[in-house]
Amino acid sequence: MDFLHEQYFRDMVTILYDQSPAQNDACVRFLPLFHYAIALGHLFDRDQHRQSGCHVPLDSAMCHFNIGQKVLDITQSDNLISVQALLCGAIFLVATSRISRAHTFLSLASSGAIRLGLHCDVTGKPTMTGQERSMRILVFTTLARLDFYASLVLDLPPLLPEAVVDTGINTLYITLGNGASRELDANTEASIKHLELLRFTSATRRAVFTDATTGEAIEGIKTSLLDALEGRLLHWTQDISLLLARISQQDQNSV
């Protein structure tokens, strides 16, 4: 859930409880995200909720998810808060084995993300804070990973175009190379590697089992193709090993 900014979320919750949501447009936009996030909290931290007296956390999670659906305006997905809300909704549906419904949420989120240009480099925009740039990057990374995962499970093409993903990954590495903020660290780079693995898996399945010209299933598999794919996977494993070693060293130094 690193694509949500904790302090902003806390501030909005405070505003939400201090005044009527109908009197504040920001609160109206925030309501779906609020309920979806609460639903995920009930879903993923059931023990703590039971200790607090909530003995049916799954029912409470479903209740908040349904409220989130009712207050979500799917025609207004052209802002970062709405895309974050859609991602939370998609994560909830994936976690509760409703991945085909999650795909609908991801399609709306993909459309909104492309219109917002979340895959583009915005470091040259002085009016945008570093915090906002970080959130844009984290939202895009999460969306892309969910998109590839859902497409693999459902055997559908990814929603995000190849060119958008290419630009997004390049933007991520440029941002990390220019000295990222504290929200973007080695863990974010690990997320990028996870994205690359999902993308590699998706492309590999198409290359191995589908004829690129006809779309028909391939009966035979070329060993030369498998060798090339194995080489790419080996390169990825070497990169991830170095990254994990660096993260481990950073954790030791911080103790």
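Me: How do the residues of the lining of the largest pocket divide into nonpolar, polar and charged?

Reply: This is a predicted model, in which local features need pLDDT of at least 70 and side-chain atom pairs count only at pLDDT 80 or more, while totals for chains, interfaces and linings use all residues. Residues are numbered from 1 along each chain as its sequence is written, and side-chain values use heavy atoms, with hydrogens and water left out. Ala, Val, Leu, Ile, Met, Phe, Trp, Tyr, Cys and Pro count as nonpolar, Asp, Glu, Lys and Arg as charged, and the others, Gly among them, as polar. On that scheme the lining of the largest pocket divides into eight nonpolar, two polar and two charged residues.

Me: Which element gives the most to the lining of the largest pocket?

Reply: A pocket is found on a 1 Å grid over the protein atoms alone, as an open set of points where a 1.4 Å probe fits, with protein on both sides within 12 Å along at least five of seven lines, and lining residues have an atom within 4 Å of a point. The lining of the largest pocket includes Met-1, Phe-9, Arg-10, Ile-38 and Phe-44, and the elements that give it two or more residues are helix H1 (6-18) and helix H2 (25-44). Helices are DSSP runs (H or I, at least four residues), numbered from the N terminus. With five residues, the element that gives the most is H2.

Me: About how much space lies in the second largest pocket?

Reply: Grid points are joined across faces, edges and corners, and a volume is the space filled by probe spheres set on the points. For the second largest pocket the space is about 280 Å³.

Me: Where does the largest share of the lining of the second largest pocket come from?

Reply: Of the 13 residues that line the second largest pocket, the closest to its centre are Glu-196, Leu-197, Phe-200, Arg-232 and Trp-236. By class, this lining has six nonpolar, one polar and six charged residues. Helix H8 (162-177), H9 and helix H10 (223-254) each supply at least two of the lining residues, and the largest share, six residues, comes from H9.

Me: Is Lys-193 buried or exposed?

Reply: Lys-193 lies in helix H9 (residues 186-209). Not counting residues up to four places away in sequence, Lys-193 touches Tyr-173, Trp-236, Asp-239, Ile-240 and Leu-243, where contact means heavy atoms within 4.5 Å. The classes are set by relative accessible area (buried under 20%, exposed over 50%, partly exposed in between, with a 1.4 Å probe and protein chains only). Because its relative accessible area is 8%, Lys-193 is buried.

Me: Why does the pair of Asp-239 and Lys-193 tie together parts that are apart in sequence?

Reply: The side chains of Asp-239 and Lys-193 meet in a salt bridge of 3.4 Å, N to O, the term meaning a side-chain nitrogen of Lys or Arg within 4 Å of a carboxyl oxygen of Asp or Glu. Asp-239 is partly exposed, with a relative accessible area of 24%. Because Asp-239 lies in helix H10 and Lys-193 in helix H9, the pair ties together parts that are 46 residues apart in sequence.

Me: How many residues apart are Lys-193 and Glu-196?

Reply: The side chains of Lys-193 and Glu-196 meet in a salt bridge, at 3.3 Å from N to O. Both residues lie in helix H9, with a separation of about one turn of the helix, that is, three residues.

Me: Which residue forms a salt bridge with Arg-205?

Reply: A search of the whole structure finds six salt bridges. The closest N and O atoms of the pair are 3.2 Å apart, and the partner of Arg-205 is Asp-155.

Me: What share of the residues in the protein chain is buried?

Reply: The protein chain has 10 helices and zero strands. Among contacts between residues at least 6 apart in sequence, 66% join residues at least 24 apart. Of the 255 residues in the protein chain, the buried ones make up 42%.
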